[in-house]
Amino acid sequence: MSVPPPADAVRLERVSKTYGGDHPVTALVDVDVRFRRGTMTAVMGASGSGKSTLLNCAAGLDRPTSGRVMIGAADLSTMSEKRLTELRRDRIGFVFQAFNLVGALTVEQNILLPSRLAGRRPDPAWLAEVIDRVGLGHRLGHRPAQLSGGQQQRVAIARALVARPEVIFCDEPTGALDSRTAAEVLALLRSAVDATGQTVIMVTHDPVAASYADRVIRLADGRIASDMPQPGVRVIAEQLATPAGGRRPVADREG
Ligand SMILES: Nc1ncnc2c1ncn2[C@@H]1O[C@H](COP(=O)(O)OP(=O)(O)OP(=O)(O)O)[C@@H](O)[C@H]1O
């Protein structure tokens, strides 16, 4: 009998992160947070509040100074770099503001790159569905430079979806897009949650982008300052405008 997967896709337990150097900066302080499977969470907060640090630690791109990060039942804190790389490749998708596409490769080659690197052949029916969903069927032979920003971001999302990762981490996925294209990209991420039960964790400054999420977490000074289910654009904007939402980053107050 197989053990059912944990309800949490990602869990952080008392995660702290201090960047070293001559002037150490504490970016996260004892953060406890769980992200349930099949949900979309927006991570918000003022510049320097620790959003990217949280994302990087949760995704196994960086290691916390203390505390534990779990992806499903896997404890990242005790993992070797090699296993961590494999876990990221096999179970995690990334969508960044800068698209991170390979300029020399075609759209199709970019979408298939993670599978190729993992030595896997994606299910052709699923590949066709993803390409159809992102609306890029007529652009497969193009290079990224020949596409608009929105199209490039859709390639990045298709690349993240094709491998069917359990969790998709996004850092400002709509930051470089106009509002109409941003809406398309957000709908696509939403469908990854609703249609395929994937988990999306998205850092954003944009209250409209955050309103697509099931839950909005706001960081201030490396701690979770609020955690709200589906607050709606107006409440999100109000929260961000409160003094706590605009507190100066940890780095500015130290040193
Ligand atoms: N590699 C690093 N070395 C030193 N300090 C860092 C490093 N990365 C981030 N920091 C500091 O840690 C704090 C949190 O940074 P982080 O990038 O996580 O914030 P953020 O909320 O994502 O900000 P932004 O919205 O501006 O991207 C900041 O004070 C930042 O200056």
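This is a predicted model: local features need pLDDT of at least 70, side-chain atom pairs count only at pLDDT 80 or more; totals for chains, interfaces and linings use all residues.

Biologist: What is the strand order of the open sheet, and which strands are the edge strands?

Modeller: As a general idea, in a regular strand the side chains alternate between the two faces of the sheet. Here, an open sheet of 4 strands has the order S2-S1-S4-S5, and the pairing is antiparallel. Strand S2 (25–36) and strand S5 (74–75) are the edge strands, each pairing on one side only.

Biologist: How many bridges join strand S1 to S2, and how many join S1 to strand S4?

Modeller: Strand S1 (residues 8–19) is joined to S2 by 8 bridges, and the two run antiparallel. Within this pairing, Thr18 stands opposite Thr26 in S2, and the bridge partner of Val15 is Val31 of S2. S1 is also joined to strand S4 (residues 66–71) by 5 bridges, again in an antiparallel arrangement. There, Arg11 stands opposite Met70 in S4.

Biologist: Is helix H1 mostly covered or mostly uncovered?

Modeller: Helix H1 (residues 51–58) is mostly covered, as 6 of its 8 residues are buried. The buried residues are Lys51, Thr53, Leu54, Leu55, Cys57 and Ala58. Just after H1 comes Gly60, with a positive phi of about 75°.

Biologist: Which residues of H3 and H5 meet?

Modeller: From H3, the residues are Val107, Asn110, Ile111, Leu113, Pro114 and Ser115; they meet Val155, Ala158, Arg159 and Val162 in H5. The residues of this contact between H3 and H5 divide into 7 nonpolar, 2 polar and 1 charged.

Biologist: At what angle do helix H4 and H5 pack, and why is H4 described as roughly antiparallel to H5?

Modeller: Helix H4 (residues 124–133) packs with H5 at an angle of about 155°, with the axes 10 Å apart. H4 is therefore roughly antiparallel to H5, because angles over 145 degrees count as such. The crossing of H4 and H5 is right-handed. Leu127, Val130 and Ile131 of H4 make the contact with Ala158, Leu161 and Val162 of H5. By class, the residues of the contact of H4 with H5 are 6 nonpolar, no polar and no charged.

Biologist: What is the phi of Arg164, and what is the phi of Glu172?

Modeller: Most residues other than glycine have a negative phi. Arg164, a residue other than glycine, has a positive phi near 50°. Its place is in the loop between H5 and strand S7 (167–171). The phi of Glu172 is likewise positive, near 50°, and Glu172 lies in the loop between S7 and helix H6 (179–194).

Biologist: Why does Arg164 count as partly exposed, and why does Glu172?

Modeller: Arg164 counts as partly exposed because it has 16 C-beta neighbours inside 10 Å. Glu172 counts as partly exposed because it has 19 C-beta neighbours inside 10 Å, whereas a buried residue needs 20 or more.

Technical notes
Residues are numbered from 1 along each chain as its sequence is written. A residue is buried if 20 or more other C-beta atoms lie within 10 Å of its own, exposed if 12 or fewer, and partly exposed in between; C-beta atoms are placed from the backbone. Two strands pair if DSSP finds at least two bridges between them. Two residues are in contact if their C-beta atoms, placed from the backbone, lie within 7 Å. Ala, Val, Leu, Ile, Met, Phe, Trp, Tyr, Cys and Pro count as nonpolar, Asp, Glu, Lys and Arg as charged, and the others, Gly among them, as polar. Axes are lines fitted to C-alpha atoms, for helices over the stretch in contact, and angles run from 0 to 180 degrees between N-to-C directions. Angles under 35 degrees count as roughly parallel, over 145 as roughly antiparallel, 65 to 115 as roughly perpendicular and the rest as oblique. A crossing is left-handed if the near helix is turned anticlockwise from the far one by less than a right angle, and right-handed if clockwise.
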